[in-house]
There are 2 protein chains.
Amino acid sequence: MTIRYPNGHAYRAPATSESAHFSNTYTNYGKRGMSLEEALNESNVYYETHGLAVVHKKPTPIRIVKVDYPKRSAAVIKEAYFSTASTTDYNGVYQGRYLDFDAKETRNKTAFPLKNFHQHQIDHFRACTAQGGICFAIIKFVVHQEIYLYRAEDLFTFWDDQATGGRKSIPYTEIAAHGILITPHIQPLIPYLKAVDQLLA
Amino acid sequence: MTIRYPNGHAYRAPATSESAHFSNTYTNYGKRGMSLEEALNESNVYYETHGLAVVHKKPTPIRIVKVDYPKRSAAVIKEAYFSTASTTDYNGVYQGRYLDFDAKETRNKTAFPLKNFHQHQIDHFRACTAQGGICFAIIKFVVHQEIYLYRAEDLFTFWDDQATGGRKSIPYTEIAAHGILITPHIQPLIPYLKAVDQLLA
């Protein structure tokens, strides 16, 4: 059974350390049609196992309404609802620096629609940026099969322009020009820390 | 209805920005019997609102088994289970530094039992510490009505000693001597960043 979020995206159980390791080659990444989120989770397991960074995806926030406590077995949540996160999905620590990012995929060939972000995520990015955190989006153009690290500061410019009649998307050409291309690899699948190094250089 | 986690602790819905503000005075903190978690959540709202830090409690991880999609209304989770977190509960950014901590309360007067921590939380603290993150526990001795910031590095010593026949708890006197006392305040309720400043000084 495929479980879907209210936005229509399929729910996938968080990768465990076992499942995250069973097929982490680039070939399989393509063949299995692994989602960007799955590939990032595997990459984060790789980074942590190798002592390179500690980054985790936050659990999906759930509002729990009813729980049963059967005798001699685990508590069962019987009624709950998806709620809106107040932060972005990923954060962690890399060489003493705070990292904060969100991962987004688009099938659009010519632009990244800004509706992929919510106001509270932008607000969170701004607050973290103000504290000296490294904030960015990892954007995958599915049709081009290209993944970019795009700085939160650049995103803010387009986000703010929307309100004053600006365009509702970021052109692909802008992201290709000012983002940092992340070339998928064998291990880790998405070596985004290389792009972070370029960002910090 | 009080919802309980498998460990018997009551479930509380995450504080919203409205609810987090309605009574944040020290008097009420005591009177209402607010939990350490609630007081920390209010403190984090205060810190973020005032541009001092961005720290959030991670949502409780849930393994979702069954979801209904009623027409014209929100998706309802009909079967789900509490799962074990792979990290500590709180993290965020403060003046460019990565913060990572867990909050624990004990009714024990003479010692903090180490069973309040799990191996994976200690492993996570070690990994974050190795990356240069600031890691600590916020420990409340309920009977003494005292709250301490206790460094993860000090915790590691007692944790490791357990395995070689050492004691299963940290003496209250040790935490009082080497921890940093956090005196509850009006705003924020638990001014733990002052203790972090002492840690970094």
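Q: Which residues does the UniProt annotation "binding site" cover?
A: The annotation comes from an unreviewed UniProt entry. Its residues span 35 residues in sequence, yet no two of their C-alpha atoms are more than 9.3 Å apart, so they gather at one spot.

Q: Is A:Thr87 buried or exposed?
A: A:Thr87 belongs to the loop that runs between strand E5 (76-82) and strand E6 (90-94) of chain A. Its relative accessibility is 5%, and the limit for a buried residue is under 20%, so A:Thr87 counts as buried.

Q: Which side chain does a polar contact of 3.3 Å join to that of A:Thr87?
A: Leaving aside neighbours within four places in sequence, A:Thr87 is in contact with residues that include A:His120, A:Gln121 and, from chain B, B:His56. A:Lys58 is also in contact with A:Thr87, and the side chain joined to A:Thr87 by the polar contact is that of A:Lys58.

Q: What is the relative accessibility of A:Asp89?
A: A:Asp89 is likewise placed in the loop between E5 and E6 of chain A, where, not counting residues up to four places away in sequence, it touches A:His56, A:Lys57, A:Lys58, A:Phe101 and A:Asp102. A:Asp89 counts as partly exposed, because its relative accessibility is 25%.

Q: Over which residues of chain A is the pLDDT below 50?
A: Chain A averages a pLDDT of 88, and 84% of the residues score at least 70. Where pLDDT is low, the predicted coordinates should not be read in detail. One stretch has 22 contacts in the model beyond near neighbours in sequence, although its pLDDT is below 50: residues 14-28.

Note on methods:
Residues numbered from 1 in each chain as written. Chains lettered and ligands numbered in written order. Predicted model: local features only at pLDDT ≥ 70, side-chain atom pairs only at ≥ 80, totals over all residues. Heavy atoms only, no water. UniProt positions renumbered as here; feature names shortened; annotations may be inferred. Helix = DSSP H or I, 4+ residues; strand = E, 2+ residues; numbered from the N terminus. Buried < 20%, exposed > 50% of the residue type's maximum accessible area, 1.4 Å probe, protein only. Contact = heavy atoms within 4.5 Å. Polar contact = N/O pair within 3.5 Å; in protein donor to acceptor, adjacent residues only side chain to side chain. pLDDT = per-residue confidence, 0-100.
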